[in-house]
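User: Hi! I have a chain open in my viewer and would like to go through it with you. Could we start with how ring pairs are defined?

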Amino acid sequence: MDADVPGTVLKRERTRDAVLELIESRSPGDAIPSERALCSLLGVSRPTVRAAVDELVAAGLLVREHGRGMFVAPAKITQELVAGDRSLTVPQAAGAWSSRLLEFTTLQAGARVGRKLRMSPAAEIVYVARLRLVDGAPMAIEHLHIRAELVPGLSAQELESGDLYEHLRASHGVHVHEAVQAIEPTVVTRAEAKLLDVPELSPALLFERLTSDTSGRPVEYVHSLYRGDRYRIVSRLALGPAAEVAPDREGHHPGIPPGDFAHGDAITSSTRGDIQTGA
């Protein structure tokens with residue numbers, strides 16, 4: 001499947017979400033429909049279904065058993081990294097960050113995204129797929145799902161240049177305050193590898209984040225794929241009191257765009273993405 005054909009990124013995204021919906025509605029060890037059955041159920045081609053299934057197998061969410069079918073994988077062990085006061089700071093990543101839009105459209109949230117954003121599946125969201133670059137080199141693929149009623153008139157320019165959260169604050173009156181973010185290892189698919197300029201099945205880091213505003217309302221659900229050859233995760237834990245230091249407002253948070261978080265608001269978990277110059 002050609003990643004440059006309009007609509008293919010969204011088609012893969014919706015197929016992946018549909019299979020995830022099946023996985024999340026079942027228990028570990030339960031079977032899911034075959035690829036042929038999924039093609040008929042979702043109305044998409046076999047390569048599209050296979051790409052989604054391959055991604056979820058690589059992420060450890062599905063297990064293929066030869067001659068038997070596909071099954072929900074065993075539950076993962078989760079470790080939450082928090083400081084004693086439930087708040088961590090997020091150091092910045094180096095480099096000049098920019099974005100290139102892959103897709104930008106308005107559509108219905110669907111069951112899975114609707115649950116995450118606490119809205120009706122029929123309610124509208126703005127869906128954005130964008131390639132994130134550092135000093136001109138592709139570094140990450142981001143899939144953003146934003147409540148449409150919060151961002152009327154959101155423009156392509158806002159998504160390609162500057163600080164997205166700053167645009168949300170200044171142009172749309174949306175003040176993000178807290179993010180819950182999970183990170184896990186994965187590998188890139190053929191289409192993702194083409195966009196990131198890495199070999200197929202290269203290691204990557206999957207960031208999944210739910211962002212809320214100052215009233216606790218979910219604003220944005222994002223999952224992002226970062227190149228594993230260019231990032232490492234370092235957790236910074238506060239083990240005791242320290243003198244207050246003015247936040248550095250320049251740079252980019254791995255998985256989290258700069259914005260309100262860089263102005264001192266609380267974040268529930270923290271990581272740092274270090275761009276390795278030797279990679």
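Analyst: Happy to! Rings of Phe, Tyr and Trp (its six-membered ring) pair if their centres lie within 6.5 Å. Please keep in mind that this is a predicted model.

User: Which residues do ring pairs link into a cluster?

Analyst: By this rule the count comes to two aromatic pairs. Together, ring pairs join these residues into a cluster: Trp-97, Phe-207 and Tyr-226.

User: What is the geometry class of the pair formed by Trp-97 and Tyr-226?

Analyst: The ring centres of Trp-97 and Tyr-226 are 6.4 Å apart, and their planes make an angle of 50°.

User: How many residues apart are Trp-97 and Tyr-226, and are they buried or exposed?

Analyst: Both residues, Trp-97 and Tyr-226, are buried. Trp-97 belongs to strand E4 (residues 97-108) and Tyr-226 to strand E9 (residues 218-227). The pair thus links distant parts of the chain, with a separation of 129 residues.

User: Which strands stand at the edges of the open sheet of three strands?

Analyst: The order in this sheet is E1-E3-E2, with antiparallel pairing. An edge strand has a single partner strand, so one of its sides is left without a neighbour in the sheet. That applies to strand E1 (31-32) and strand E2 (62-65).

User: At what angle does helix H3 run to E2?

Analyst: Helix H3 covers residues 46-58. This helix lies across E2 and E3, and its angle to E2 is about 105°.

User: Is Thr-15 buried or exposed, and which backbone oxygen does its side chain reach?

Analyst: Thr-15 sits in helix H1 (residues 8-24). Buried means under 20% relative accessible area, so Thr-15, at 3%, counts as buried. Leaving aside neighbours within four places in sequence, Thr-15 is in contact with Leu-42, Val-44, Thr-48, Val-49 and Ala-52. At 2.8 Å, its side chain reaches the backbone oxygen of Lys-11.

User: What is the phi of Arg-118, and where does this residue lie?

Analyst: Most residues other than glycine have a negative phi. Arg-118 is not a glycine, yet its phi is positive, at about 55°. With a relative accessible area of 58%, Arg-118 is exposed. Its place is the loop between helix H4 (110-117) and strand E5 (124-134).

User: What about Asp-135: what is its phi, and is it buried or exposed?

Analyst: Asp-135 is found in the loop between E5 and strand E6 (137-147). Its phi is positive at about 50°, although Asp-135 is not a glycine. Exposed means over 50% relative accessible area, so Asp-135, at 60%, counts as exposed.

User: Finally, how many helices and strands does the chain have, and what share of its residues is buried?

Analyst: The chain exposes about 13600 Å², with carbon and sulfur atoms supplying 53% of that area. Among contacts between residues at least 6 apart in sequence, 66% join residues at least 24 apart. The secondary structure comes to seven helices and nine strands. Of the 279 residues in the chain, the buried share is 47%.

Technical notes. Residues numbered from 1 in each chain as written. Predicted model: local features only at pLDDT ≥ 70, side-chain atom pairs only at ≥ 80, totals over all residues. Heavy atoms only, no water. Phe/Tyr/Trp six-rings, centres within 6.5 Å; stacked < 30°, edge-to-face > 60°. Helix = DSSP H or I, 4+ residues; strand = E, 2+ residues; numbered from the N terminus. Buried < 20%, exposed > 50% of the residue type's maximum accessible area, 1.4 Å probe, protein only. Pairing = 2+ DSSP bridges. Contact = heavy atoms within 4.5 Å. Axes fitted to C-alpha atoms, helices over the stretch in contact; angles between N-to-C directions. Polar contact = N/O pair within 3.5 Å; in protein donor to acceptor, adjacent residues only side chain to side chain. Areas by Shrake-Rupley, 256 points an atom, 1.4 Å probe, with all protein chains shown as cover.
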